[in-house]
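Please load the model in the viewer and keep the sequence panel open beside it.

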Number of protein chains: 2
Amino acid sequence: MPRVSSKVDINGELVALGAAIRLHRKGIGISQEELADLASIDRSHMGKIERGERNVSLLNVLRIVHALDTTLAKLSNSAGL
Amino acid sequence: MPRVSSKVDINGELVALGAAIRLHRKGIGISQEELADLASIDRSHMGKIERGERNVSLLNVLRIVHALDTTLAKLSNSAGL
């Protein structure tokens with residue numbers, strides 16, 4: 001795996017997780033802003049997370065998982081990770 | 001879920017993931033130092049990750065997952081996350 005800085009523009013795995021978050025969010029019918037608020041994450045940060053543009057911290061991933069009422073295992077599985 | 005700073009001392013979910021990493025590492029018979037080197041993570045940082053003392057980034061979790069030759073879904077599942 002290539003070394004990457006903490007601020008990532010393109011990374012397939014972050015993109016895959018972000019896409020899985022977006023898919024799950026749409027599946028439960030909430031907006032990106034609503035998810036951000038539920039997860040106590042800045043709204044502009046949430047957009048970058050969904051696009052895989054940020055090397056999100058595990059705690060923020062877990063906050064998102066809880067806000068989506070799913071598990072990290074299920075979200076990872078749907079992201080192919 | 002309570003708000004936490006990016007530098008976490010105690011958090012049940014980080015502790016659970018760290019414990020799962022340690023268990024998996026021991027299962028394949030490598031040392032913490034070897035895992036750190038395989039994952040390109042600083043050795044002192046790896047100890048803190050295994051003890052759940054750091055809010056590890058997703059990319060570092062993924063590096064560890066690859067070094068352990070497992071998947072994020074499997075590791076999360078074994079951590080109960």
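In which loop of chain A does A:Ser40 lie? Select A:Ser40: the residue sits in the loop between helix H2 (32–38) and helix H3 (43–50) of chain A. Helices are DSSP runs of H or I with at least four residues, strands are E runs with at least two, and both are numbered from the N terminus. Phi of A:Ser40 is near 55°, a positive value in a residue other than glycine. A:Ser40 counts as partly exposed because 13 C-beta neighbours lie inside 10 Å. The classes are as follows: a residue is buried if 20 or more other C-beta atoms lie within 10 Å of its own, exposed if 12 or fewer, and partly exposed in between, with C-beta atoms placed from the backbone.

Before moving on, note the conventions. Residues are numbered from 1 along each chain as its sequence is written, while chains are lettered from A and ligands numbered from 1 in the order in which they are written. The model is predicted: local features need pLDDT of at least 70 and side-chain atom pairs count only at pLDDT 80 or more, whereas totals for chains, interfaces and linings use all residues.

**Chain A as a whole**

The mean is 89, and 88% of the residues of chain A reach 70 or more. Select residues 1–10 of chain A, where pLDDT stays under 50. For the model overall, ipTM is 0.84 and pTM is 0.85.

Switch to a cartoon view: chain A has 5 helices and 0 strands, in the order α-α-α-α-α. Of its 81 residues, 42% count as buried.

**The nonpolar core**

Next, select A:Leu58, A:Val61, A:Ile64, B:Leu58, B:Val61 and B:Ile64. Of the 44 residues in the largest nonpolar core, these touch the most other members. Such a core is a set of buried Ala, Val, Leu, Ile, Met, Phe, Trp, Tyr and Cys residues joined through C-beta atoms within 7 Å. Centre on B:Leu58, whose contacts beyond four places in sequence are A:Leu14, A:Leu17, A:Asn55, A:Val56, A:Leu58 and A:Val61. A contact requires C-beta atoms, placed from the backbone, within 7 Å.

**Helix H4 of chain B**

Just after H4(B), B:Asp69 takes a positive phi of about 55°.

Select B:Leu68, in the loop between helix H4 (58–67) and helix H5 (72–78) of chain B. B:Leu68 is buried because 20 other C-beta atoms lie within 10 Å. Beyond four places in sequence, B:Leu68 is in contact with B:His24, B:Arg25 and B:Ile28.

**Helix H3 of chain B**

Finally, select B:Met46, B:Ile49 and B:Glu50, which are buried in H3(B). They lie on the same side of H3(B), because they cover an arc of only 95° around the axis; the arc is that of the directions from the helix axis to the C-beta atoms. Their cover includes helix H1 (12–27) and H2 of chain B. After H3(B) comes B:Gly52, with a positive phi near 70°.

Note on methods
Contact = placed C-beta atoms within 7 Å. pLDDT = per-residue confidence, 0-100.
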